[in-house]
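Here's a quick look at a hairpin, a surface patch and some charged pairs. Keep the structure open as you read.

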Amino acid sequence: LIIGNYVYKKILRKNFFDIDTHMGEQHPIYNHGLQKNYNTSSAGWGKRRFEFCTDNYGFRNFCNVNYEKKNFDMGIIGDSQTLGLGLNFKEVFSTIISNELKKKKIANLAVSSYSPAIYYSKINYLLENDFEFKEIIVFLDLSDLHDDSTRYKLVGKKVLSKNVKDRK
């Protein structure tokens, strides 16, 4: 029993069951985002494990990155593909773009399950809270329109869930 318990906790559970999925959080204006200064090496997507970190603004980034100023050359927003779910940050296409444009300060604003209503709401929220972007690039996904029509409702600049159970 003791050996079986040890094997379960240290090997099976760690490699197949323990997946850190707590990086997200509710947001009162644009529905949901990422926690600020989040750092895990056990994020999971299917059987794949990867490192997942956010900066002091809650944007996906390399670990331990903190910005003093809210000005960026480019903001890239989209859903899970743009976020790079399942990939380490160095493999995400916003990082590849940043490596090619070394002098540009680029923010990955993406979060899983985002949609055009959330893109609009989040960008407005950031601009109203003194963030500056010279350019915003929006990556649309086929599922975005479905999400907007079935999951989210834009009321003014605020995004609400159409599912009453999800509203808080």
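What follows is a short tour of a predicted model.

## The β8/β9 hairpin

Strands β8 (residues 152-155) and β9 run antiparallel, paired over 4 bridges. Val155 sits opposite Lys158 of β9. There are 2 residues between the strands, and Gly156 has a positive phi near 70 degrees.

In a regular strand, side chains alternate between the two faces of the sheet.

## Salt bridges

The salt bridge count comes to 4. One of them joins Glu128 and Lys157, at 2.5 Å from N to O. This pair links distant parts of the chain, with Glu128 in helix α4 (residues 116-128) and Lys157 in the loop between β8 and β9, 29 residues apart. Glu128 is partly exposed at 49% relative accessible area, and Lys157 is partly exposed at 40%.

Asp73 and Lys134 also meet in a salt bridge, at 3.1 Å from N to O. Asp73 lies in strand β5 (residues 71-77) and Lys134 in strand β7 (residues 132-138), so the pair ties together parts 61 residues apart in sequence. Asp73 is buried at 13% relative accessible area, whereas Lys134 is exposed at 68%.

## A nonpolar patch

Over on the surface, Ile3, Tyr6 and Val7 form a nonpolar patch with about 330 Å² of accessible area together. Tyr6 belongs to helix α1 (residues 2-17) and counts as exposed, at 52% relative accessibility.

Methods. Residues numbered from 1 in each chain as written. Predicted model: local features only at pLDDT ≥ 70, side-chain atom pairs only at ≥ 80, totals over all residues. Heavy atoms only, no water. Pairing = 2+ DSSP bridges. Patch = residues over 30% accessible without salt bridge, like charges linked within 9 Å, V, L, I, M, F, W, Y side chains within 5 Å. Areas by Shrake-Rupley, 256 points an atom, 1.4 Å probe, with all protein chains shown as cover. Salt bridge = Lys/Arg side-chain N within 4 Å of Asp/Glu carboxyl O. Buried < 20%, exposed > 50% of the residue type's maximum accessible area, 1.4 Å probe, protein only.
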